[in-house]
Amino acid sequence: MNMAEGDSLISVDYEIFGKVQGVFFHKYTQAEGKKLGLVGWVQNTDRGTVQGQLQGPISKVHHMQEWLETRGSPKSHIDRANFRNEKIIVKLDYSDFQIVK
């Protein structure tokens, strides 16, 4: 698979704060990630947040980060999104986008 210059693969961890549990946030996150062709995972935490990891081409990951910060699921209310450990990767660690229980 040939990536255009400037569209390297990246990996980033995320945690979303707000009203993001009980509103199908992880289902919508999985659907949006798959639509963009990203891989990774999403799960609810004991702290009432949603966390996970995104991997894919930079432009698509950045699009997904914006979606996580501003859209989410229809009934969610996002207070803030934290992104960390963003790094360029050589290959994807996952084959699809999973919901982790």
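Lys35 and Glu32 share helix α1 (residues 25-35), three residues apart, about one turn of the helix. This is a predicted model: local features need pLDDT of at least 70, side-chain atom pairs count only at pLDDT 80 or more, and totals for chains, interfaces and linings use all residues. Residues are numbered from 1 along each chain as its sequence is written, and side-chain values use heavy atoms, leaving out hydrogens and water.

Reader: Why is the contact of Lys35 with Glu32 called a salt bridge?
Author: The term needs a side-chain nitrogen of Lys or Arg within 4 Å of a carboxyl oxygen of Asp or Glu. Here the closest N and O atoms are 3.4 Å apart, so the pair qualifies.

Reader: How do you know whether Glu32 is buried or exposed?
Author: Buried means under 20% relative accessible area, exposed over 50%, partly exposed in between (1.4 Å probe, protein chains only). Glu32 has 10%, so Glu32 counts as buried. Lys35 has 64%, so Lys35 is exposed.

Reader: How many salt bridges does the structure hold?
Author: Two. Glu15 also pairs with Arg47, with the closest N and O atoms 2.6 Å apart. That pair links distant parts of the chain, 32 residues apart: Glu15 sits in strand β1 (residues 9-19), Arg47 in the loop between β2 (39-44) and β3 (50-57).

Reader: Why is Arg47 called exposed?
Author: Its relative accessible area is 56%, so Arg47 passes the cut-off. Glu15, at 12%, is buried.

Key. Helices (H or I, at least four residues) and strands (E, at least two) are DSSP runs, numbered from the N terminus.
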